[in-house]
Amino acid sequence: MGPYLTIVNPVLWEIGHVAWFHEYWTLREAAGRAPLIERCDRLWDSSAVAHATRWHLDLPDRAGTCAYMADVLHRQEHLLARGIDDETRYFYDLSIRHEDMHVEALTYMRQTSSNAPPPDLGMRTRPSAGALPGDVAVPGGRWRLGSTTGEGFIFDNEKWAHETVLAPFRIARAAVTNAEFAAFVEDGGYRTRAFWSDAGWAWREQRGAEQPIYWQGKRDGAWAARRYRTVEELAPHAPVMFVNWFEADAWCRWAERRLPTETEWEAAAIGMPSADGARLTDRRRRWPWDDTGGDGRPTAAHANLDFAFDGPVDVAALPAGDSAFGCRQMIGNVWEWTSSDFLPFVGFAADPYKDYSQPWFGTRKVLRGGCWATSARIARPGYRNFFTPDRNDVFAGFRTCEL
Ligand code: FE
């Protein structure tokens, strides 16, 4: 949490909730301790407290919330100093990733609430790198969709890798840019029923959407948009962001393109072609750019993750992060909507945090790849994010495939 963030109730709730989650799994579930605050489950258990009522609870004030968080951390450190087994480690791994997700959510709440931008944590200024048009060809073949053991912590919905068959496809080297999306807006895309699904049109009508949510029209020939609490010119070659699945889908119909399936996305990101390029092999990279099987952790030259830059960079930036097929920024920059519904893989079984995936199957769309504000712990190629198709508050854009 940045020092400049105005503390409003949703932010206060989020901070308390993150601390509660750590306490619930690492101190109570794993170590058998009693709750530190008697009424904590009624305040912060997101499975039990309805979203709409969260902000009106009788929450501890800022000092009380921070004291609770510090108390939980202190007790964790005490337990960790004694050493932990693998079973206990799972709960720490889970809790830190849950915190990562809320750090990202707090960052997009800065945008939705017209709050201050994130404080400068050594982030680089977004470079101008331009556009990266065109498609690459990915050959067909067998692809094992999902994650396997040996990849470190993985979520229940990624288990387990299972065989699928892919037809050859062509996918864009880069995500759709602001300039490319503006062409759709200027062509009357938001007023043309034929470009929208039934559900998408219903959303558009209800909201009266005429352009992406933060866009503010053209000034001196250039599109402007609200960025946190100021209005700025949109970078034409940065990926479009804050578009929901319906808007991505409508752009595709207008452009005579389509969204990739999550299987196609994953194969384009970490798949490897045979020597003659005719088919996919069964080899998969740990990261799009990394064929070593070693650590190969993302750096700011590979991926815009972990607040490496102060927002999304142009789509031609970071060529060192290209996949084997030449797709750029598959990891980081913006989340990418896929055409796939969020569904369980074959043999799915819920992990101890039962409400992480299971309640949401069938009602959400899968996004892949992470964004500039995502932790590298989360943004592995196999990570499946999922949001309802109307969500336009997330740092999400999309890339497309040839029809
Ligand atoms: Fe949560």
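This is a predicted model: local features need pLDDT of at least 70, side-chain atom pairs count only at pLDDT 80 or more; totals for chains, interfaces and linings use all residues.
Start with the whole chain. The protein holds eight helices and 15 strands. Its radius of gyration is 21 Å, close to the 22 Å that the globule rule gives for 403 residues, so the protein is as compact as a globular protein of that length. Along the principal axes, the C-alpha trace spans about 55 × 50 × 40 Å. Of the 403 residues, 55% are buried.

Now the metal. Which residues coordinate the iron ion? His17, His98 and His102 do, each through NE2, at 2.1 to 2.2 Å. Along the chain, the donors follow the spacing H-x80-H-x3-H. Look at where two of them sit. Histidine 17 is in helix α1, residues 9-29, and histidine 98 is in helix α4, residues 86-112. The pair therefore ties together parts that are 81 residues apart in sequence.

Buried or exposed, then, for histidine 17? Its relative accessibility is 1%, so histidine 17 counts as buried. Histidine 98 is buried as well, with a relative accessible area of 6%.

Stay with α4 for a moment. This helix has 27 residues. From its first C-alpha to its last it reaches 39 Å, close to the 39 Å expected at 1.5 Å a residue. Most of α4 is covered, with 19 of its 27 residues buried. Just after the helix, serine 114 takes a positive phi of about 50 degrees.

Next, the aromatics. How many aromatic pairs does a search of the whole structure find? The count is 41. I will show two.

The pair of tryptophan 203 and phenylalanine 246 is tilted. Centre to centre, the rings are 6.3 Å apart, with 35 degrees between the planes. Tryptophan 203 lies in helix α6, residues 198-207, and phenylalanine 246 in helix α7, residues 245-255. So this pair ties together parts that are 43 residues apart in sequence. Both tryptophan 203 and phenylalanine 246 are buried.

Then phenylalanine 307 and tryptophan 372. This pair is edge-to-face, at 5.5 Å centre to centre and 85 degrees between the planes. Here the partners come from loops. Phenylalanine 307 is in the loop between β10 (280-284) and β11 (335-341), and tryptophan 372 is in the loop between β12 (365-368) and β13 (385-387). The pair therefore ties together parts that are 65 residues apart in sequence. Both phenylalanine 307 and tryptophan 372 are buried.

Rings also meet charges. The charged end of arginine 364 sits over the ring of tryptophan 360, 4.3 Å from the ring centre. The charged end of lysine 365 sits over the ring of tryptophan 245, 4.2 Å from the ring centre.

Lysine 365 takes us to the sheet. In what order do the four strands of this open sheet run? The order is β13-β12-β11-β14, and the pairing is mixed. β13 and β14 (396-397) stand at the edges with a single partner strand each, so one side of each is left without a neighbour in the sheet.

Now the contacts of β12. β12 pairs with β11 in the antiparallel sense, over three bridges. Within that pairing, tryptophan 337 stands opposite leucine 367 in β12, and aspartate 341 stands opposite lysine 365. β12 and β13 also run antiparallel, again joined by three bridges. On that side, leucine 367 stands opposite asparagine 385 in β13.

What about the faces? In a regular strand, side chains alternate between the two faces of the sheet. Both faces of β12 are covered. Lys365 and Leu367 are buried on one side, Val366 and Arg368 on the other.

Last stop, a hairpin. Strand β6, residues 222-227, and strand β7, residues 230-233, run antiparallel and are joined by four bridges. Arginine 227 stands opposite threonine 230 in β7. How many residues lie between the two strands of this hairpin? There are two, and tyrosine 228 in the turn has a positive phi of about 55 degrees.

To recap the iron site: His17, His98 and His102 coordinate the ion, and histidine 17 and histidine 98 come from helices α1 and α4.

Methods:
Residues are numbered from 1 along each chain as its sequence is written. Side-chain values use heavy atoms; hydrogens and water are left out. Donors are N, O and S atoms within 2.8 Å of the metal (3.2 Å for Na, K and Ca); water is not among the atoms, so sites may look incomplete. Buried means under 20% relative accessible area, exposed over 50%, partly exposed in between (1.4 Å probe, protein chains only). Rings of Phe, Tyr and Trp (its six-membered ring) pair if their centres lie within 6.5 Å; planes under 30 degrees apart count as stacked, over 60 as edge-to-face and the rest as tilted. A charge sits over a ring if NZ of Lys or CZ of Arg is within 6 Å of the ring centre and within 35 degrees of the ring normal. Two strands pair if DSSP finds at least two bridges between them. The expected span of a helix is 1.5 Å times one less than its number of residues. The radius of gyration is taken over C-alpha atoms; the globule rule is 2.2 Å times the number of residues to the power 0.38.
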